Amino acid sequence: EKGGYDYFMLKEIAEQPKAVADTLLGRIDVSGSLRLDELRMTAAELREVDKVVIVACGTAFHAGMIAKYAIEHWTRIPCEVELASEFRYRDPILDPRTLVIAISQSGETMDTLMALRHAREQGSKVLAICNTNGSTIPRESDAVLYTHAGPEVAVASTKAFLTQLVACYLVALYLGQVRGTKWGDEIHVVIRDLSQISREVERVLETMEPVRELARSLAHKNTVLFLGRHVGYPVALEGALKLKELAYMHAEGFAAGELKHGPIALIEEDLPVVVVVPSPRGRSVLHDKIVSNIQEIRARGARTIVIAEEGDEAVVPYADHLIRIPATPTLLQPLVATVPLQVFACELATARGNEVDQPRNLAKSVTVE
Ligand code: M6R
């Protein structure tokens, strides 16, 4: 069943290029436009949407955080993202023009289900992004966009996360396409890039041996920090979550800009800090800011583990360990930047003798609130 792999998680990490490609399949037509009749909303209805609210838990929440950047940039519709477990308790402002997106691999997460029920009671439309056919969340939603990751067995979510990202990008781009935003040209370029991204994920997987070696060398550590900016921030949170779940280590993700507001006090000699670096092309101001963050922490003794695009030479002098990822448009970078973090956590857990597929205290789907 594990297809020759020692753990389901390893198998599922390896399946990511296919999962990504399968989730795109049939949703982009020959002219390079999106076809998402599954949304079950007419173009007129989609043009009425004046706010998007995303609810999810855990890894799916991190996908939602990344979706917010994409939705607001490509559509200019305000987008909020909230932990499903917090959502209904603060009496959120919802109405029929709010599109609520519930993201869930299992489709059975009770917190997410309760959030979507609350949204529907207020008259909002709910779109589920889900990996499990016929599960409760899609059954109770107005529409569903399935991710085609195939069954995910390991408790730690990997391929489901990448396909959730793909589904979120598709929704964002489709909203942009239907509403004819000023990003029209960019949208076509992104759809093309997205249709080629599974090959890039595959390339990342081919270069993971040094990441495994590095993980094994850090097996005795107590703490690992993760930093990112923009979409790299949720990626940092996801890297930290994987490490907590699997390696039972103290792991925290921060927005790199927050460092000087507190977390920099944690930096001490030889503390491993993973930094997700945005592309130096495009929004280069982000890149320059993070390069100075890397300098700051290194000057205070951190052992820097830098994830940066191929060809980014500016980071080289400050990287104790350099993990290269292919160049991608900024908003799509999480699809390639997350993969080394999954491999890192899985290998570290193995080196510590932990049960990778079934970490202590955790269940694959959390069906209680
Ligand atoms: O099935 P769901 O996507 O609704 O699950 C949400 C979270 O429980 C899940 O992502 C959890 O955080 C994973 N164990 C993360 O690896």
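User: What is the volume of the second largest cavity, and why is such a space called a cavity?
Analyst: The second largest cavity has a volume of about 40 Å³, a volume being the space filled by probe spheres set on grid points joined across faces, edges and corners. On a 1 Å grid over the protein atoms alone, a set of points is called a cavity because a 1.4 Å probe fits there but cannot get out. This is a predicted model, where local features need pLDDT of at least 70, side-chain atom pairs count only at pLDDT 80 or more, and totals for chains, interfaces and linings use all residues. Residues are numbered from 1 along each chain as its sequence is written, and side-chain values use heavy atoms, without hydrogens and water.

User: What makes Arg229 a lining residue of the second largest cavity?
Analyst: Lining residues have an atom within 4 Å of a point. Arg229 is listed in that lining, as are His230 and Gln333.

User: How do you know which classes line the largest cavity?
Analyst: Ala, Val, Leu, Ile, Met, Phe, Trp, Tyr, Cys and Pro count as nonpolar, Asp, Glu, Lys and Arg as charged, and the others, Gly among them, as polar. The lining includes Leu39, Met41, Lys125 and Asp142, and divides into 7 nonpolar, no polar and 2 charged residues.

User: What makes a space a pocket, and what is the volume of the largest pocket?
Analyst: A pocket is an open set with protein on both sides within 12 Å along at least five of seven lines. The largest pocket has a volume of about 520 Å³. Among its 24 lining residues, Cys57, Gly58, Thr59, Lys364 and Val366 are the closest to its centre.
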